[in-house]
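Please read them with the structure open.

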Amino acid sequence: MEETYLLNIEGVKKKILHGGQGELPKLQDGSKITFHFQTLKDDFERTVIDDSREAGIPMEIIVGKMFKLEIWETLLSSMRAGEVAEFWCDTIHTGMYALVSRGMRRIAEGRDPLEGQKHRCGMGNMFDYHSTGYADLDELQRTPQPLIFIMELFRVEEPSAYKRDTWAMSKEEKLAAVPVLHSEGNRLVLRKEFAQAAAKYQEAVICLRNLQAKEKPWEDGWLKLESLVTPLVLNYCQCQLELGEYYEVLEHTTELLQKHNDNAKAYFKRAKAHAAVWNEREAREDFLRVAHLDPSMAAAVKKELKQLGERMRKKHVEDRKRYQGLFQTRRGP
């Protein structure tokens, strides 16, 4: 049986279509809300604008992370798990919907939701562009209007109850996560689970890079974070060497050496990657650079250069035989 409620919010009406279970959720910063939604126009046909079920996966938002349609957190906080409710929202709450919907549609299409967007507030971006790329959203942008949201709440998870995506973490949470991820990566390396270890190192690097983006390059805060990034990148590259992803190693070590051109370990890993893809000259140059920068690695360099020479000689012999066989085959007919 449908029941209509007036929430204590101007311009919002709620109608329960299907009752939920349990108590009302206690939302806090970092809580994750999972739900399905349908957005309709408040017209005679109740024209459907968006439906999360068409994308095949529920919507998720993190409380306190400045989701651009703030009213949604309020609406969902009035629902119980399993509840289906219809909300009528006046224009004062729906003015940003065109921009929010544009981002959600781009994500569903596998595109970057911020593609082409300037680093400005959401309202500023709406005025910067004549079109959202979707005709129905352009209409909403030109003439904001009341909307109807039909929502089905699945669950509310506390911050400690789920694995949080990097973007959803606070600065303190990211800094706390880095040593944990580093340790997990090391443990996986000992078990020779290199792909899983690489993922842990990469996640830690992403946390630190996100924090670095808010610091001024080469100043104290940035340098402190960079000192944490470097060993993680080197560990990641070692995993990629074990997995045979040599061009991945070349890319990341070269990027690292552009900032830190005296890092012997980075040169050593890049040299091994060059050797693996038959870049003999580049490999030799990097190995010799390692020995110059860190004499304690001279023995390891000598061993690698010997192996490189043997591999290259073997390759030249095989190539010569292959070409001789090819020419003889061609002359025979």
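1. Basis. This is a predicted model, in which local features need pLDDT of at least 70 and side-chain atom pairs count only at pLDDT 80 or more, while totals for chains, interfaces and linings use all residues. Residues are numbered from 1 along each chain as its sequence is written, and side-chain values use heavy atoms, with hydrogens and water left out.

2. Overall make-up. The chain has 13 helices and seven strands (DSSP runs, H or I of at least four residues for helices and E of at least two for strands, numbered from the N terminus). Of its 333 residues, 40% are buried, meaning under 20% relative accessible area with a 1.4 Å probe, protein chains only. The exposed surface comes to about 19800 Å², 53% of it from carbon and sulfur atoms (Shrake-Rupley method, 1.4 Å probe). Among contacts (heavy atoms within 4.5 Å) with a separation of 6 or more, 68% are between residues 24 or more positions apart.

3. Nonpolar cores. A nonpolar core here is a set of buried Ala, Val, Leu, Ile, Met, Phe, Trp, Tyr and Cys residues joined through side-chain atoms within 4.5 Å. The largest holds 43 residues, of which Leu232, Phe287 and Val290 touch the most other members. Elements giving two or more residues to this core are α7, α8, α9, α10, α11, α12 and α13. A second, separate core of 30 residues includes Ile61, Leu76, Ala85 and Met96.

4. Phe287. Beyond its neighbours within four places in sequence, Phe287 is in contact with Phe268, Ala271, Lys272, Val301, Glu304 and Leu305.

5. Strand β3. Nine of the 10 residues in β3 (residues 32-41) are buried, so the strand is largely enclosed by the rest of the structure. Pairing requires at least two DSSP bridges between two strands. β3 runs antiparallel to β7 (residues 147-157), with 10 bridges, and Thr39 stands opposite Phe149 there. Four bridges join β3 to antiparallel β5 (residues 59-62), where Met59 is the bridge partner of Phe35.

6. The β3-β4 hairpin. Three bridges link β3 with antiparallel β4 (residues 48-51), and Thr39 has Asp50 as its bridge partner in β4. Six residues separate the two strands of this hairpin, and Arg46 in the turn has a positive phi of about 50°.

7. Glu83. Where does Glu83 lie? Glu83 is in the loop between α2 (71-77) and β6 (84-89). Glu83 counts as buried because its relative accessibility is 2%. Not counting residues up to four places away in sequence, Glu83 touches Lys14, Ile16, His18, Gly19, Gly20, Ser78, Met151, Glu152 and Leu153.

Note on methods
Buried < 20%, exposed > 50% of the residue type's maximum accessible area, 1.4 Å probe, protein only.
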